[in-house]
Amino acid sequence: MASRERTYGGSTLSARKAQRRLDLVAATLDLIGEGGSAAVSVRSVCRKAGLTDRYFYESFAGRDELLVAVFNEVFAELFTQLAEVVSQVQGTPREKARAAAMAMVLFTEQNPSKGRLLLTEPFSEGSLISAGLAEAPAMTRILAHDFPHEGSGAQRAMAAVATGGAIATLFATWQLGTLHVTDEQLVEFIAELLVPEQEDSS
């Protein structure tokens, strides 16, 4: 007979540990929204979460591991949303591209801390540069599959990487406020990058 996990105050040890991890992640995102990754330290995260560092180290080995874990979780959330949006659009490739671009705009506007973590912090945080490069192939697969360019397999792969990099830079400068365009202008420009008008009408 399997042993049952003991409960304290109505919750199990594993449930309380999972909740503490959620609290640490939420605190990290709050700090990033307030001051970027530079504001994130073991001490500041614990203070924000109302936990001691003992509870920090039961989930994360250190600051870099925390940042990468939160980055990966947020990226997975965005990736899932974009994949769902693209798969649900029953229209032309240009309409799919427009829907995907709008979904990313809405994600960054509704979740500014998450948008900052994904788009601008990797430019200044070494651990996030590596995390971003590690996750890039997943986004590239969406671009290569749903918005393929002409040419050989190698050319299509390089085009997907280049387009993904251009889109990421556009979003980063837009989020920083150095690119002064409307949401609609950004969406239409990205849609044109993904599916040029002449290709959509061909």
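Colleague: What am I looking at, and how is it numbered?

Modeller: This is a predicted model, numbered from 1 along each chain as its sequence is written. Local features need pLDDT of at least 70 and side-chain atom pairs need 80 or more, while totals for chains, interfaces and linings use all residues, and side-chain values use heavy atoms, with hydrogens and water left out.

Colleague: How many helices and strands does the protein chain have?

Modeller: It has 10 helices and 2 strands, in the order β-β-α-α-α-α-α-α-α-α-α-α from the N terminus on. Both are DSSP runs numbered from the N terminus: H or I over at least four residues for helices, E over at least two for strands.

Colleague: Which residues make the contact between α1 and α6?

Modeller: Leu 29, Ile 32, Gly 33, Glu 34 and Gly 35 of α1 meet Ser 113, Lys 114, Arg 116 and Leu 117 of α6, where contact means heavy atoms within 4.5 Å. By class that gives 3 nonpolar, 3 polar and 3 charged residues. Ala, Val, Leu, Ile, Met, Phe, Trp, Tyr, Cys and Pro count as nonpolar, Asp, Glu, Lys and Arg as charged, and the others, Gly among them, as polar.

Colleague: And what makes α1 roughly perpendicular to α4?

Modeller: The angle there is about 90°, with the axes 10 Å apart. That makes α1 roughly perpendicular to α4. This contact divides into 8 nonpolar, 1 polar and 2 charged residues. Leu 29 and Ile 32 of α1 are among those that meet α4, and Leu 117 touches both of them, along with Val 70, Phe 71, Val 74, Pro 122 and Leu 128, leaving aside residues up to four places away in sequence.

Colleague: Which residues have the most contacts inside the largest nonpolar core?

Modeller: Leu 117 is one of them, with Val 45, Phe 56, Leu 118, Phe 171, Ile 190 and Leu 194, in a core of 50 residues. The largest share, 10 residues, comes from α4. A nonpolar core is a set of buried Ala, Val, Leu, Ile, Met, Phe, Trp, Tyr and Cys residues joined through side-chain atoms within 4.5 Å.

Colleague: Why does Thr 163 count as buried?

Modeller: Its relative accessibility is 10%, and buried means under 20% relative accessible area (exposed is over 50%, partly exposed in between, with a 1.4 Å probe and protein chains only), so Thr 163 qualifies. Thr 163 lies in helix α8 and touches Leu 143, His 149 and Leu 194, again not counting residues up to four places away in sequence. What covers the buried residues of α8 includes α5, α6, α7 and α9.

Technical notes:
Axes are lines fitted to C-alpha atoms, for helices over the stretch in contact, and angles run from 0 to 180 degrees between N-to-C directions. Angles under 35 degrees count as roughly parallel, over 145 as roughly antiparallel, 65 to 115 as roughly perpendicular and the rest as oblique.
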